[in-house]
Amino acid sequence: MTNQRLRIILWVLVGIAALGGILLALRSPSSSSETSVATIGGPFILTGGDGKPFNSARLNGKPAAIFFGFTNCPDVCPTTLARLVKLRRKLGGDDAMSIVFITVDPERDGPAEVGSYAGLFNAPVIGLTGSATDIERVKKQFGAFSQNVEQPGGSYSVDHTASVFLMDKNGQFVATLSPEEGDGVALDKLKRLAV
Amino acid sequence: MLRRLTILSLLLLASCGGQGNSEIAVSDAWARPTKGQAPGAVYLTIENKGGDADRLTGAFTDHAAMAMVHQNEVVNGIAKMRMAGEINVPAYDKIEMTPGGTHIMLEGLRAPLKTGDDFDLVLKFRSSKDQTVKVTVRKPDDQ
């Protein structure tokens with residue numbers, strides 16, 4: 001009787017171990033492939049164009065396209081933001097997605113600068129800045145790069161990540177949008193984002 | 001005989017005149033609107049109708065403290081903006097400056113650029129004479 005009981009207990013233990021093993025085997029590959037992508041983004045608090053704190057939770061509820069740039073950037077940054085506005089209209093209108101511009105030049109870009117820059121596109125664009133520390137933290141969260149480069153004449157330009165980060169309505173990173181890819185691919189990505 | 005010589009020399013003069021003469025045509029010059037202290041970017045098309053290559057050596061305007069020819073490139077996913085130096089304009093060819101590539105950056109604008117405004121920009125070339133072009137402030141075509 002005790003022998004049989006022990007046997008049952010042992011079998012149950014074997015069963016649990018096997019089940020655990022199967023679960024581990026099933027989970028580990030998917031979780032490891034997800035972590036690299038899942039770590040991009042995350043909650044942040046920066047400063048809006050109105051000078052008030054902006055909590056990234058406000059972006060939840062619809063997809064967001066997040067772009068790192070600077071307001072002294074006369075070409076690539078407005079070109080990228082104008083393209084996003086155009087793609088968003090094709091996607092279904094100005095309400096279909098948030099477009100977020102985060103400065104990588106907090107030294108020159110205060111709330112007033114990012115606010116007026118975001119207003120250049122005749123469509124809603126959220127301009128964000130923060131302290132140098134805040135910006136560094138958010139850059140790190142997104143794996144975004146920037147570096148100041150001296151220009152002749154004493155001023156400087158900023159090299160920065162050219163891609164846009166696409167987040168779903170829950171703030172999860174989905175894909176990047178690069179300036180080289182055509183509007184067709186970009187629009188497909190955005191459509192997938194909106195699902 | 002004399003008449004023949006005159007015609008010949010005139011023909012020779014005419015063919016010489018082609019070189020260094022203005023074979024450059026600048027068109028479709030426009031700039032995006034700007035706000036605040038932000039710099040502007042001018043895009044334009046330079047056409048070389050002559051048989052000799054020329055080089056754009058600089059740009060000047062009274063509308064901004066500085067006008068610089070800039071080139072953008074994306075290297076390993078990083079957007080970089082650099083002074084372009086001189087821009088080669090090959091014979092019978094044209095250079096089209098479009099958003100995301102080459103542009104003339106205006107730093108220290110006297111006033112922000114507003115849609116509908118226009119201002120003069122002078123382009124300097126190595127061989128051809130200066131070209132003054134009217135830059136119109138407008139949104140890009142597809143926006």
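Before anything else, I noted what pairing means here: two strands pair if DSSP finds at least two bridges between them. I also reminded myself that the model is predicted.

**Entry: strands across the two chains**
I looked for pairing between the chains and found β7(A) joined by two bridges to β5(B), the strand of residues 78–83 in chain B. The two strands run antiparallel. I then picked out a facing pair: A:His160 stands opposite B:Ala79 in β5(B).

**Entry: where the chains touch**
How many residues of each chain are in contact with the other chain? I got 26 residues of chain A and 24 residues of chain B. Next I asked which elements of chain A give two or more residues to this side, and they are α2 (76–91), α3 (111–118) and β7 (156–161). The largest share, six residues, comes from α2(A). I sorted the residues on chain A's side by kind, too: 11 are nonpolar, 10 polar and five charged.

**Entry: a sheet in chain A**
I moved on to an open sheet of seven strands in chain A, in the order β2-β1-β5-β4-β3-β8-β9. Its pairing is mixed. Which strands sit at the edges? They are β2 (53–55) and β9 (173–177) of chain A, and each pairs on one side only. I also looked up the angle: neighbouring strands are turned by 35° against each other on average, direction ignored.

**Entry: one edge of that sheet**
Last, I checked β1 (residues 45–48) of chain A, which three bridges join to β2(A). They run antiparallel, and A:Thr47 stands opposite A:Pro53 in β2(A).

Notes: Residues numbered from 1 in each chain as written. Chains lettered and ligands numbered in written order. Predicted model: local features only at pLDDT ≥ 70, side-chain atom pairs only at ≥ 80, totals over all residues. Contact = placed C-beta atoms within 7 Å. Helix = DSSP H or I, 4+ residues; strand = E, 2+ residues; numbered from the N terminus. Nonpolar A, V, L, I, M, F, W, Y, C, P; charged D, E, K, R; others polar. Axes fitted to C-alpha atoms, helices over the stretch in contact; angles between N-to-C directions.
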